[in-house]
Every structure is written in C-alpha cells, then in structure tokens.
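Subject: Structure handover

Hi,

Here is the structure I promised to pass on. Please open it alongside this note; my findings follow below.

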Amino acid sequence: MTRVLVVDDEPQILRALAINLRARHYEVVTAANGAEALAAASRHQPDLVVLDLGLPDIDGVEVVRGLRGWCAAPIIILSGRTESADKVSALDAGADDYVTKPFSVDELLARMRAVSRRAAPGEAIPVVTFGVTTVDLAARRVTVAEAADHTQEVRLTPTEWHLLEVLLRYPGKLLSRKQLLAEVWGPGYETADGNLRVYMAQLRRKLEADPARPRHFLTEPGLGYRFEPEARPDSA
C-alpha cells in the first residue's frame, strides 16, 4: 500500500484528503506544520508527499529542501500561492509537481499517479513508447511508425538526445526550466531560456504528430516542461 504524507495547516483539507485517499486504498499520515512534517517523514518513510507551502512555522520550500536532503519520495505542492516565482522556487528546491488551490481531487490523484510512475533518478529506461514513436535509449535510436508495416528512423542531434533522455527519465513530472538547463547544458546556462525553447521546438517538430498542438512534450507556462507518455486530448 502506498503511504502518503499530507501536510497542511487547514484541518478541513487534511481531513478531506485523508478520507479521499484512504477510500482509494492509500495509507495516509498527516501533519499540520513543517516540524511535524519532517518528523513524520523520518518516522513513517512516505512513498509520496503532498505539501502546502503556507505553513505556520516553516515555509514549505524549506520543508522541501529538508526532505530532499535524505528523502527521494515524490513531492507534490498543494498551495494557494499562484505566483510563478513561488512555483519555480518549490520546483527548484526539489518538488516534483505543483497543484494550485482550489483543486480537484481527481486532478491531484492523477498527478500522484504520474509522479509515482516516474523512474528513480539515474535509473535506465531502455525503451519508451508514446503515440507512434519508440525511443530505444540503450541503442540511441528513435523510430516513428508511419504505417502498420513501416517505420521511419528519426535523427537527433546530441543536444536533442540529451534533452529527450532527461524528459523521458521523469514521465509525468514537471521539470523547471532551470532544472533542464542545468542538466542538459550545465553550469552557466541557468538563464539561457532561448536554448531550451529552440530545442523543445525541434523535438516537437521531429516527434509530435502536430508540433503546433503537442500532446506529449507539454509547456507549463512560466514553469517548465512535462513529458506525458499518455497524450492529453486537448493539449496545446
């Protein structure tokens, strides 16, 4: 059973989430502030954390940093803060996704499933298939099925490959622009957003059926990018 740590200072939200998650066969641990959250995480070793940013004692971003010092569990931020700067700070601190209040329980559950499916950092994913595209990471080969009995190989540049590998390693996870730039281009490129936009456009042109309406390589405005193996029907 998946153990979820839910951290929020609003008792009604804690109670509602606990009821909904337990009804769906999650084991739930709750905490009402940052200190309780860190203690509960240490004691119960959660598989996933749902965390509010506006806690009464420790800011949620600091809780993320504290957890990331030793805990690899996915962290979903659940917050009323809507400013991009708050979202980016949380993601850069190590959060995996961000859901804004008021929220739909179904959306939160979908995000929980998505971050739980992602591979552990550094874990090899030999073959990934999405839509009509198959990526063999070990062989560094991409093919697109153009017909039932015919596939076409797609050529990628080294930088396109590196960006694709990072995105595929974290299916469903929202990756901040800063994270992607640091991992693909390295130190000194943290503000080179133009590079990232250009190469994302190139990946979409080569791997999306309709690059103008991507269904797998999605932009989260002001935040970063997300790879969705299962296409969203109305993605733009």
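Which residues does Arg-111 touch, not counting residues up to four places away in sequence? They are Ile-76, Asp-97, Tyr-98, Val-99 and Arg-226. Arg-111 itself lies in helix 5. Its relative accessible area is 13%, so Arg-111 is buried. The cut-off for buried is under 20%.

Please keep in mind that this is a predicted model.

Overall picture

The protein chain has eight helices and 12 strands. Along the principal axes, the C-alpha atoms fill a box of roughly 55 × 40 × 30 Å. Of the 236 residues, 46% are buried. Take the contacts with a separation of 6 or more: 55% of them join residues 24 or more positions apart.

For the surface, expect about 11400 Å² of accessible area. Carbon and sulfur atoms hold 50% of that. On charge, there are 29 positive and 33 negative ones in the protein chain. Their mean positions are 1 Å apart.

Helix 7

Helix 7 covers residues 177-184. Leu-180, Leu-181 and Val-184 are buried there. Seen down the helix axis, the buried residues fall within an arc of 95°, so they line one face of helix 7. What covers them? The cover includes helix 6 (158-169) and helix 8 (193-207). It also includes strand 10 (174-176) and strand 12 (224-227). Gly-186 follows helix 7, and its phi is positive, near 95°.

Backbone points to check

Most residues other than glycine have a negative phi, and most peptide bonds are trans.

- Pro-102 sits in the loop between strand 5 (97-100) and helix 5 (105-117). Its relative accessibility is 80%, so Pro-102 counts as exposed. Leu-78 is 24 residues from Pro-102 in sequence, and their C-alpha atoms are 9.1 Å apart.
- His-25: phi is positive, about 70°, although this is not a glycine. His-25 is in the loop between helix 1 (11-23) and strand 2 (27-31). At 61% relative accessibility, His-25 is exposed.
- Gln-45: phi is near 50°, again a positive value in a residue other than glycine. The loop here runs between helix 2 (34-44) and strand 3. Gln-45 is partly exposed, with a relative accessible area of 47%.

One more loop

Where is Gly-54 found? It is in the loop between strand 3 (48-51) and helix 3 (60-68). Gly-54 has 32% relative accessibility and counts as partly exposed. Leaving aside neighbours within four places in sequence, Gly-54 is in contact with Asp-9 and Arg-81. Gly-34 is 20 residues away along the chain, with 9.5 Å between the C-alpha atoms of Gly-54 and Gly-34.

Best wishes

Definitions and conventions
Residues are numbered from 1 along each chain as its sequence is written. This is a predicted model: local features need pLDDT of at least 70, side-chain atom pairs count only at pLDDT 80 or more; totals for chains, interfaces and linings use all residues. Side-chain values use heavy atoms; hydrogens and water are left out. Buried means under 20% relative accessible area, exposed over 50%, partly exposed in between (1.4 Å probe, protein chains only). Helices (H or I, at least four residues) and strands (E, at least two) are DSSP runs, numbered from the N terminus. The arc is that of the directions from the helix axis to the C-beta atoms. Contact means heavy atoms within 4.5 Å. Accessible areas come from the Shrake-Rupley method with a 1.4 Å probe; for residues, only the protein chains shown count as cover. Lys and Arg count as positive and Asp and Glu as negative; His and the chain ends are not counted. The place of a charge is taken as NZ of Lys, CZ of Arg, CG of Asp or CD of Glu.
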